[in-house]
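Work through these exercises with the model open beside you. Try each task before reading its solution.

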Amino acid sequence: MEWIAAKPFQILTDRIRKFGLKAKVSLNNDKIILKYEEVSRGTEYVLPEVLLEFGARSTGEPADRHKITCDISDSAKDLRLPIANPRVMRAERTFWEKATAIHVYCLRGAFRGGWRYARHWYDLDCLDHTNIAKKAISDRALASDVAKHKQHFFREKDKANNVIDYQAAVSGALCLVPSGQALDALADDYQQMFDAGLLGSANIGFETLMQRLSNLQDHINAGLKQ
């Protein structure tokens with residue numbers, strides 16, 4: 001699948017060379033890793049790199065185009081700033097992608113890739129406080145599509161070595177709050193994310209977050225069982 005990422009890899013390489021940017025790109029099968037120079041030194045929790053994934057394991061559907069402008073565009077009228085109109089996967093699918101990933105963590109007791117995963121719980125809570133979560137929960141066809149896709153491309157096993165059933169997760173058996181050592185590991189990862197400043201001005205304690213997601217879990221499962 002490396003050929004899929006070959007063209008964007010070459011584009012990035014050429015642009016970095018053309019503009020003399022202090023950045024490096026590497027190609028690993030269908031993944032491109034872009035490493036850039038840090039403006040300031042922070043914690044190791046936030047890495048100065050961007051991962052771009054290409055390939056069949058990510059459908060990117062359903063998607064819409066969104067206009068993206070620079071934060072300072074309203075204040076700097078005299079500057080010509082870039083504008084992008086990327087095609088972005090809908091947040092409703094992101095909701096189910098994260099919910100099912102969390103479900104797997106709760107049943108496995110571990111997260112693939114090691115640390116820096118607590119953001120998924122925080123993101124899900126943020127989506128729950130917008131209309132996005134409500135729309136995602138009501139879209140059972142989308143939930144089923146995510147489950148089918150993950151069952152094929154992201155087969156996982158629980159602590160008892162049984163294959164995790166994603167369809168069961170989106171049919172009223174979703175688990176969003178881990179227990180035991182998995183909960184302790186998540187709390188530690190969340191604290192590291194908090195200390196790294198990723199939450200900005202948000203001040204949500206871990207226990208509060210887990211209570212919110214417990215309520216969300218019960219709400220989702222009750223609705224899916226109807």
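**Exercise 1.** At roughly what angle do the axes of H2 and helix H5 (residues 140-153) cross, and within what distance do they come?

Solution. This is a predicted model, where local features need pLDDT of at least 70, side-chain atom pairs count only at pLDDT 80 or more, and totals for chains, interfaces and linings use all residues. Residues are numbered from 1 along each chain as its sequence is written, and side-chain values use heavy atoms, with hydrogens and water left out.

Step 1. The axes of H2 and H5 cross at roughly 50° and come within 10 Å. Axes are lines fitted to C-alpha atoms, for helices over the stretch in contact, and angles run from 0 to 180 degrees between N-to-C directions. Helices (H or I, at least four residues) and strands (E, at least two) are DSSP runs, numbered from the N terminus.

Step 2. H2 and H5 are therefore oblique to each other. Angles under 35 degrees count as roughly parallel, over 145 as roughly antiparallel, 65 to 115 as roughly perpendicular and the rest as oblique.

Step 3. H2 passes H5 in a right-handed crossing. A crossing is right-handed if the near helix is turned clockwise from the far one by less than a right angle, and left-handed if anticlockwise.

Step 4. H2 contributes Glu92, Arg93, Trp96, Glu97, Thr100 and Ala101 to the contact, and H5 contributes Leu142, Ala143, Val146, His149 and Lys150. Contact means heavy atoms within 4.5 Å.

Step 5. Sorted by class, the contact of H2 with H5 has five nonpolar, two polar and four charged residues. Ala, Val, Leu, Ile, Met, Phe, Trp, Tyr, Cys and Pro count as nonpolar, Asp, Glu, Lys and Arg as charged, and the others, Gly among them, as polar.

**Exercise 2.** Describe how H2 packs on H3.

Solution. Step 1. Take the geometry. Helix H2 (residues 91-108) and helix H3 (residues 119-128) have axes 10 Å apart, at an angle of about 135°. That makes H2 oblique to H3.

Step 2. Take the hand. The crossing of H2 past H3 is left-handed.

Step 3. List the partners. From H2 come Ala91, Phe95, Lys98, Ala99, Ile102 and Tyr105; they meet His120, Trp121, Asp123, Leu124 and Leu127 in H3. The contact of H2 with H3 comprises eight nonpolar, one polar and two charged residues.

Step 4. Check burial in H3. His120, Trp121, Tyr122, Leu124, Asp125 and Leu127 are its buried residues. Buried means under 20% relative accessible area, exposed over 50%, partly exposed in between (1.4 Å probe, protein chains only). The cover over the buried residues of H3 includes H2, H4, H7 and H8.

**Exercise 3.** Which residues of helix H4 (residues 131-138) are buried?

Solution. Step 1. In H4, Ala133, Ala136 and Ile137 are buried. Seen down the axis of H4, these residues fall within an arc of 95°, so they line one face of the helix. The arc is that of the directions from the helix axis to the C-beta atoms.

Step 2. Turn to the face of H4 directed away from its buried side. Exposed Lys134 and Ser138 sit there.

Step 3. Find the cover. H2, H3 and helix H8 (206-225) are among what covers the buried residues of H4.

**Exercise 4.** Characterise the pair H7 and H8.

Solution. Step 1. The axes of helix H7 (residues 180-195) and H8 cross at roughly 125° and come within 10 Å. H7 and H8 are therefore oblique to each other.

Step 2. H7 passes H8 with a right-handed crossing.

Step 3. Leu183, Leu186, Ala187 and Tyr190 in H7 meet Phe206, Leu209 and Met210 in H8. The contact of H7 with H8 has seven nonpolar, no polar and no charged residues.

**Exercise 5.** Where does Ile33 lie, and what does Ile33 touch?

Solution. Step 1. Ile33 belongs to strand S2 (residues 31-36). Ile33 is partly exposed, at a relative accessible area of 24%.

Step 2. Not counting residues up to four places away in sequence, Ile33 touches Lys24, Val25, Ser26, Glu49, Val50 and Leu51.

Step 3. From Ile33 to Glu53 is 20 residues in sequence and 8.7 Å in space, C-alpha to C-alpha.

**Exercise 6.** How many helices and strands has the protein chain?

Solution. The protein chain has eight helices and five strands. From the N terminus on, the order is α-β-β-β-β-β-α-α-α-α-α-α-α. Of the 226 residues in the protein chain, 30% are buried.
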